[in-house]
Amino acid sequence: MSDIRLLDHEETRARLGELAEVLSDCVTGGASVGFMAPYGPADALPFWEGVAAAVGEDATLLFAAERAGRIVGTVQVGIRQMPNQPHRADLKKLLVMESERGRGLARALMTAAETEAARRGKTVLVLDTATGSPAEAVYEKLGWQRAGVIPDYALYPDGRYCATTFFYKRIGEGA
């Protein structure tokens with residue numbers, strides 16, 4: 001059984017090592033989430049320090065999936081937007097360790113993120129993901145709408161180009 005929790009600034013800082021393990025595991029597994037191979041946990045620490053700062057500034061919500069007291073998955077919601085976009089939020093970095101996939105963690109993380117974003121008055125969520133990735137299928141199953149594909153948008157960790165698919169979902173009052 002896993003537990004999904006919204007982490008505050010202090011807990012995010014206290015658990016940087018676990019968060020770094022999750023990101024490193026995903027990049028090592030080939031996920032195109034912004035980083036290049038080789039990528040170990042020490043490489044991931046600066047990224048998570050930035051996330052912790054954003055959590056402390058109330059710009060980002062960070063959800064963690066825990067199994068046996070360890071973080072095994074995360075998702076972020078960028079809730080601070082430009083003045084003309086107060087209703088919108090960006091879903092970022094849905095990460096689940098390879099050993100934990102297929103157990104419903106992605107769905108549970110996404111449900112928590114969508115619920116809290118709606119509670120905070122957000123009505124439109126947007127995200128992007130590598131085209132053809134397992135995550136793309138997850139988002140479609142969860143009711144996200146495909147907005148379009150941009151070829152050669154990013155690189156996989158091994159340096160190959162990958163296309164990116166953009167999705168959106170109406171939530172809360174906007175659903």
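**Salt bridges**

Modeller: R88 and D90 join their side chains in a salt bridge, with N and O 2.4 Å apart; the term means a side-chain nitrogen of Lys or Arg within 4 Å of a carboxyl oxygen of Asp or Glu. This is a predicted model, in which local features need pLDDT of at least 70 and side-chain atom pairs count only at pLDDT 80 or more, while totals for chains, interfaces and linings use all residues. Residues are numbered from 1 along each chain as its sequence is written, and side-chain values use heavy atoms, with hydrogens and water left out.

Side chains of opposite charge can pair when their charged atoms come close. R88 counts as buried because its relative accessibility is 19%, whereas D90, at 24%, is partly exposed. Here buried means under 20% relative accessible area, exposed over 50%, and partly exposed in between (1.4 Å probe, protein chains only).

A further salt bridge links R119 and E116, at 2.7 Å from N to O. Both residues belong to helix α4 (residues 105-119) and lie three residues apart, about one turn of the helix. Helices are DSSP runs (H or I, at least four residues), numbered from the N terminus. An α-helix has 3.6 residues a turn, so residues three or four places apart point the same way. R119 is exposed at 60% relative accessibility, but E116 is buried at 13%.

R160 pairs with D158, their closest N and O atoms being 2.9 Å apart, and D158 is exposed, with a relative accessible area of 53%. Elsewhere, salt bridges with shared partners connect D3, R5, E11, R15, E18 and E66 into one network. The structure holds 15 salt bridges.

Key
Helices (H or I, at least four residues) and strands (E, at least two) are DSSP runs, numbered from the N terminus.
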